[in-house]
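Open the model in your viewer and keep the selection tool at hand. The stops below go from the whole chain to single residues.

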Amino acid sequence: MVTIRGSGHVEPSRAYLEYHLEDYSGWLRRRVQSSFKWDRIRSCLSSTSMCAQLNQSYRMAQDFFNAPLSPLQSGCCKPPTQCGYTFVNPTYWISPINNAADMDCLNWNNDQTQLCYSCDSCKAGLLANLKKEWRRADIILLITLVGLIWVYLIGCCAFRNAKTEEIFRKYKQGYADT
């Protein structure tokens, strides 16, 4: 039920999706909006090479805009598209003169340890990634449940057959004695 809401939004002339925190359930949002929890998550994310890999993979703006970015890459490694930043490379952007008042636009930083790790779009990207992983876990749990029910049914049938065989054996033995 927690993962029903939330999905990425398509931006014109972009192959990747943009993620917004308000698209996710309140329960999930509260988990990432806590500064104590998010500071730990942010330090984990900034220590990975997911954003640096984008710099190695995409040199041209059009290649980057046509790239299938992961939710975390889309939310954390670049400023939101609506901010109007100019592409230099996947993790370095030039700020527009009249920067929007959107907090994500103001939180963007070209420092490779900062980027958009403090942005709501990064938090939404994390939730989109969690949603995808939880869906995988749900499928595995469902398959496991079906398997357990199948084993239980086979066990019940075997037990019933054993009891039936025991009754017939007693009946045959009693019939042979008479």
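Accessible areas here come from the Shrake-Rupley method with a 1.4 Å probe, and for residues only the protein chains shown count as cover. By that method the chain exposes about 11400 Å², and carbon and sulfur atoms supply 60% of it.

This is a predicted model, in which local features need pLDDT of at least 70 and side-chain atom pairs count only at pLDDT 80 or more, while totals for chains, interfaces and linings use all residues. Residues are numbered from 1 along each chain as its sequence is written, and side-chain values use heavy atoms, with hydrogens and water left out.

**Whole chain.** Colour by secondary structure. Seven helices and four strands are present, where helices (H or I, at least four residues) and strands (E, at least two) are DSSP runs numbered from the N terminus. Their order along the sequence is β-β-α-α-α-α-α-β-β-α-α. Of the 178 residues, 33% are buried; buried means under 20% relative accessible area, exposed over 50%, and partly exposed in between (1.4 Å probe, protein chains only). Take contacts (heavy atoms within 4.5 Å) between residues at least 6 apart in sequence: 57% join residues at least 24 apart.

Select Asp23, in the loop between β2 (17-18) and α1. Is Asp23 buried or exposed? Asp23 counts as buried because its relative accessibility is 19%.

**Helix α1.** Move on to residues 26-33, where Gly26, Leu28 and Val32 are buried. Looking down the axis of α1, the buried residues fall within an arc of 160 degrees, so they line one face of the helix. The arc is that of the directions from the helix axis to the C-beta atoms.

**Gln62.** Next, select Gln62 in helix α4 (residues 61-65). Gln62 is partly exposed, at 48% relative accessible area. Phe87 lies 25 residues from Gln62 along the chain, and their C-alpha atoms are separated by 9.7 Å.

**Helix α7.** Finish with Leu142, which sits in helix α7 (residues 120-177). Leu142 is exposed, with a relative accessible area of 53%.
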